[in-house]
Amino acid sequence: MTAGDADAVVIGGGPNGLVAANIMADAGWRVHVLEAQPEAGGAVRSDRGVHPDYVNDLFSSFYPLAVASPAIRKLRPEEWGVSWSHAPAVLANPLSDGQCPVLYRDPERTAAGLDAAAPGDGEAYLRLVGLWDRLGPQVMRLLFAPFPPVVSAARLAAELRGAGGLRLMRMMLLPVRRLGDEEFGGAGAPVLFSGCALHADFSPEASASTAFGWLLAMLGHEHGWPVPVGGAGALSAALVRRLKARGGTVTCGTEVSRVVVRRGRALGVVTRDGEPVRARRAVLADVPATDLYGGLVGWEDLPGRLRDDMRRYHWDYATFKVDWALSGPIPWSSPEAAEAGTVHLADGNDHLTRHAAQLATGHVPDRPFALLGQMTTADPSRSPAGTEAAWAYTHLPQRIRGDAGDEGLDGHWDERRRETMARRLEAQVERLAPGFRDRVVARRVLAPPDLHHHDQNLVNGALNGGTASVHQQLIFRPVPGSGRPETPVAGLYLASASAHPGGGVHGACGANAARAALRAQRAVTRHLLGPALSAMQRNLTGGGEG
């Protein structure tokens, strides 16, 4: 297949683009993926850039949504080389008073730990697990289904009537801090749920933060938070291998400069080098909505209102990340934390609220809440025996107005400011694991511009393709009145996390776009062949002339 001869062109070889390409290839389409970076994978990549003996993930690491996603499950990545590995515990959150709530795959073990710190909290936690056991399958179908999810919503509504109805809906819409106040007496369970909510950009006081925190925690019980053996890039490599086996092609190091539009229809793309690439049936864009509208597609080919909508597009927080090669395991004061693949560095809900308030006011947090990954704990192949490959990241404002600390961090990430922020992040680890810094063999610092440079979809280090808040979900994603992958240009589909259902490595945005393209082609075929088929049927039944 030549670059100019494809049924579909996919712009961007991230997880959504690769899932979309595989689905269309399964339908017999000739698919060509164009990726700007030197390798496919988007935010699902790994390397040995920190130290040659250590595998570090560049961006994402843990994949509960991938193993739960119908779109990725149907592609069976395990048949193409993916093996999953789990840490002994899913999540831990050591506190400065010595407590350390831990989320295990086993809900009963999790509840027992919570109950030991606050009698009654274990039973309350298991009630929430019971709700997931009843509602989880319908919640996941609703989350990943194309909008409007009529069938999934009807099934969930039927389950809700039997599970508390309006009271349960109220609970899911609660700020996660309020859930903690209503359901628990201790600090452990509330901080686990609140920390999960902050994997997106839900503060403890945000409406519906309970729903996201509950979902992510419950996935930890049902599926764990697994990692691909050998590094995140193993998942992307499997999807590429699968696509190529079905005749698809992936061209890396090739940036698309524009989508060719004629008479309101997408006909293909032009690369940065000026090469035209024709798409006979569809163009799918695994790129941010703000790059597609007014960028790859000029405003002259789009409705006037869309320009103002893009000006209002709400990005999630920026990200600052440090990768480490460590000479030994992290020396946690709370030994329970050593078992967890993911560790939240939050000293209770008040710390999380303080951190979120500093972000909301445009300030770099002085004591940042951080998420930390112990990758060798989760997958022993990541580094030599007795060592640890690890990372931690924290969120920053998209537009920095000041520094809540006293070190003058202002969003201009020169070497001094990068080092200052990296040490501030490391101080949060050292506080809970004295001696941590002595084990650092090598490290890599990734400020927001670095993340964006390595993956253009991570705009200023935003990990979720736009805020997950309710004002930019469902029919408001990416703009009011949308919610589907179709765009104002016929034959062009938005396949990135800017589309419903948003961020996370689940492939649903790409899957929805691919199915929309296939559905549109079937409609065209019916329209073109309908009269001929009707005439043939009349002839066969004796109703035709002659």
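Helices (H or I, at least four residues) and strands (E, at least two) are DSSP runs, numbered from the N terminus. The model is predicted, so local features need pLDDT of at least 70 and side-chain atom pairs count only at pLDDT 80 or more, while totals for chains, interfaces and linings use all residues. Residues are numbered from 1 along each chain as its sequence is written, and side-chain values use heavy atoms, with hydrogens and water left out.

**Two cis peptide bonds**

Select P501, which is placed in the loop between strand 20 and helix 18 (508–540). The peptide bond from H500 to P501 is cis, and its omega is near 5 degrees. Next, select P478, in the loop between helix 17 (448–454) and strand 20 (492–494). Here the bond from R477 to P478 is also cis, with omega near 0 degrees.

**Helices 8 and 9**

Two packed helices are described by the angle between their axes and the distance between the axes. Axes are lines fitted to C-alpha atoms, for helices over the stretch in contact, and angles run from 0 to 180 degrees between N-to-C directions. Select helix 8 (residues 176–183) together with helix 9 (residues 188–197): the axes are 9 Å apart and the packing angle is about 165 degrees. That makes helix 8 roughly antiparallel to helix 9; angles under 35 degrees count as roughly parallel, over 145 as roughly antiparallel, 65 to 115 as roughly perpendicular and the rest as oblique.

Helix 8 contributes V176, L179 and G180, and helix 9 contributes P190, F193, S194 and A197. These contact residues of helix 8 and helix 9 comprise five nonpolar, two polar and no charged. In this classification Ala, Val, Leu, Ile, Met, Phe, Trp, Tyr, Cys and Pro count as nonpolar, Asp, Glu, Lys and Arg as charged, and the others, Gly among them, as polar.

**From helix 9 to helix 10**

Select A208 in the loop between helix 9 and helix 10. Although A208 is not a glycine, its phi is positive, about 70 degrees. From helix 9, F193, C196 and A197 meet S209, F212, G213, W214, L216, A217 and M218 of helix 10. This contact has eight nonpolar, two polar and no charged residues.

**A cavity and a pocket**

On a 1 Å grid over the protein atoms alone, a cavity is a set of points where a 1.4 Å probe fits but cannot get out, and a pocket is an open set with protein on both sides within 12 Å along at least five of seven lines; lining residues have an atom within 4 Å of a point. Grid points are joined across faces, edges and corners, and a volume is the space filled by probe spheres set on the points.

Select F62, H86, A87, A89, V90, W225 and G341, which line the largest cavity. Its volume is about 50 Å³, and its lining has five nonpolar, two polar and no charged residues.

Finally, turn to the second largest pocket, with a volume of about 470 Å³. Select H314, W315, Y317, Q398 and R399, the closest to its centre of the 18 lining residues. By class, the lining of this pocket holds seven nonpolar, seven polar and four charged residues.

Definitions and conventions
Contact = heavy atoms within 4.5 Å.
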